[in-house]
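Q: Hey, I'm new to this one. Can you walk me through it?

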Amino acid sequence: MSDKLKDKYSRTYKYLRVSVTDRCNFRCKYCIPTHDFEFIPHSKILKYEDIIFAVDSFSKLGIEKIRLTGGEPLVRKNISFLISEIGKIKGIKETTLTTNGSLLGKFATDIFDAGIRRINISLDSLKQDRYEYITGGFKLDDIIEGINQAINVGLSPIKINVVAIKTFNDDEILDFCDFAAKNKLNVRFIEFMPIGNKIEWRKEHIITGEEILKIISKKYSYEPVKKAKFEGPAVNYMLSNGAKIGIITPISNHFCSECDKLRLTADGKLRPCLLSDKEINLFDEIKNRDFDKFKEKIRESLKLKELDHNITNEGCDTQFKRTMSKIGG
Ligand code: SAM
Ligand code: SF4
């Protein structure tokens, strides 16, 4: 049997998101609950050597791209070491990173030197009071500085991820389009998913991709940008102001048939689908460096992967056991 990871719907898996920590310096309202929230105990978190073994094992099964995420990946000590070690693994063609941007001022050079080129930075508002409210007290200026530092050290392309939330930032969609054009950054709007802080999520707060385009069309015309298969979930548009905008629609128009992604949590669970609580525990196989068992379990986990998730705009009241900070987005 080929060692490549394929599911029963013939989807091949080449992309692994690795959450290196569930800890985060931010407290984004929609992500980390303010009550009854416990971090994963340190003893249950994979060490760097464990992650390196896991990534090496995944690479033998056909994984080519790694995205480091969290929690906030830049709060984990000496993340550059992990980045450069992953870069040495045969078969891994690229390592990327998703960050809230707050520590880029400090670490952009280090992660660039360690081998990161492409990064995604989350930024949900361009207004200081709102930014502070959504992140739990952080300064927008620091993030803008972090973005500038990332540009200066040569990280490219930089994608800005915006979770679009009705009554919070729906009146900033056009501002983000101008921000994208002015700074030559690819801004991507993501539909609000029912993962994270149950208290903050409301079905009525989803702004669908269609609604986002309608708002954009009030000021700008746009053309779809052709993309290659398996290029990622965003549908991209070039706007008449010169901005490249992406729209990611996990709720209103899911892209499951093109999914080539698996997720490894910081405590060693493999999550075949973001929007499903089904997980396979790989902790022992990773700790014991047991590649054969590891491989067997991953194949089992792929059997859990459905053709698509069942969450729609109308019926998405599901809430998941893990918060996004414990999965990695
Ligand atoms: N801390 C890093 C960051 O914020 O970029 C990486 C981890 S964070 C969990 C990954 C992404 O998930 C972020 O872009 C965040 O905005 C997004 N996210 C978290 N909760 C979400 C939700 N309920 N719906 C949509 N996106 C969400
Ligand atoms: Fe932290 Fe990212 Fe979650 Fe915000 S979205 S709390 S930055 S993990």
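Q: What covers the buried residues of helix 6?
A: The cover includes helix 5 (140-153), strand 5, strand 6 (186-191), helix 7 (209-217), strand 8 (235-239) and strand 9 (244-248). Contact here means heavy atoms within 4.5 Å. Helices (H or I, at least four residues) and strands (E, at least two) are DSSP runs, numbered from the N terminus.

Q: Before we go on, what sort of model is this, and how is it numbered?
A: This is a predicted model: local features need pLDDT of at least 70, side-chain atom pairs count only at pLDDT 80 or more, and totals for chains, interfaces and linings use all residues. Residues are numbered from 1 along each chain as its sequence is written, chains are lettered from A and ligands numbered from 1 in the order in which they are written, and side-chain values use heavy atoms, with hydrogens and water left out.

Q: OK, back to helix 6. Which of its residues are buried?
A: In helix 6 (residues 173-183), they are Ile173, Phe176, Cys177, Phe179 and Ala180. Buried means under 20% relative accessible area, exposed over 50%, and partly exposed in between (1.4 Å probe, protein chains only).

Q: Why are they on the same side of helix 6?
A: Because they cover an arc of only 160° around the axis. That arc is taken from the directions from the helix axis to the C-beta atoms.

Q: And what comes just after helix 6?
A: Lys184, which takes a positive phi of about 55°.

Q: Which other residues have a positive phi?
A: Asn78 has one of about 55° although it is not a glycine, and Thr167, also not a glycine, has a phi near 70°. For background, most residues other than glycine have a negative phi, and most peptide bonds are trans.

Q: Where is Asn78, and is it buried or exposed?
A: Asn78 is in the loop between strand 2 (65-69) and helix 2 (79-87), and at 52% relative accessibility it counts as exposed.

Q: You mentioned peptide bonds. Which residues does a cis one join?
A: Ser156 and Pro157, with omega at about -5°. Pro157 is in the loop between helix 5 and strand 5.

Q: Switching to ligands. How many residues surround ligand 1?
A: There are 17, and the closest are Tyr30, Gly71, Ser122, Met193 and Ile195. A residue is near a molecule if one of its heavy atoms lies within 4 Å of it.

Q: What do the backbone atoms do there?
A: A backbone N or O atom of Gly71 lies 2.9 Å from a nitrogen atom of ligand 1. Polar backbone atoms of Met193 and Ile195 are also placed by a ligand nitrogen, at 2.8 Å for Met193 and 2.9 Å for Ile195.

Q: How much of ligand 1 does the protein bury?
A: Taken alone, ligand 1 exposes 550 Å², and the protein buries 94% of that. Those areas come from the Shrake-Rupley method with a 1.4 Å probe; for residues, only the protein chains shown count as cover.

Q: And which residues are around ligand 2?
A: Cys24, Phe26, Cys28, Cys31, Ile32, Gly71 and Asn100.

Definitions and conventions. A polar contact is a pair of N or O atoms within 3.5 Å; within protein, one must be able to donate a hydrogen and the other to accept it, and residues adjacent in sequence count only if both atoms are side-chain atoms.
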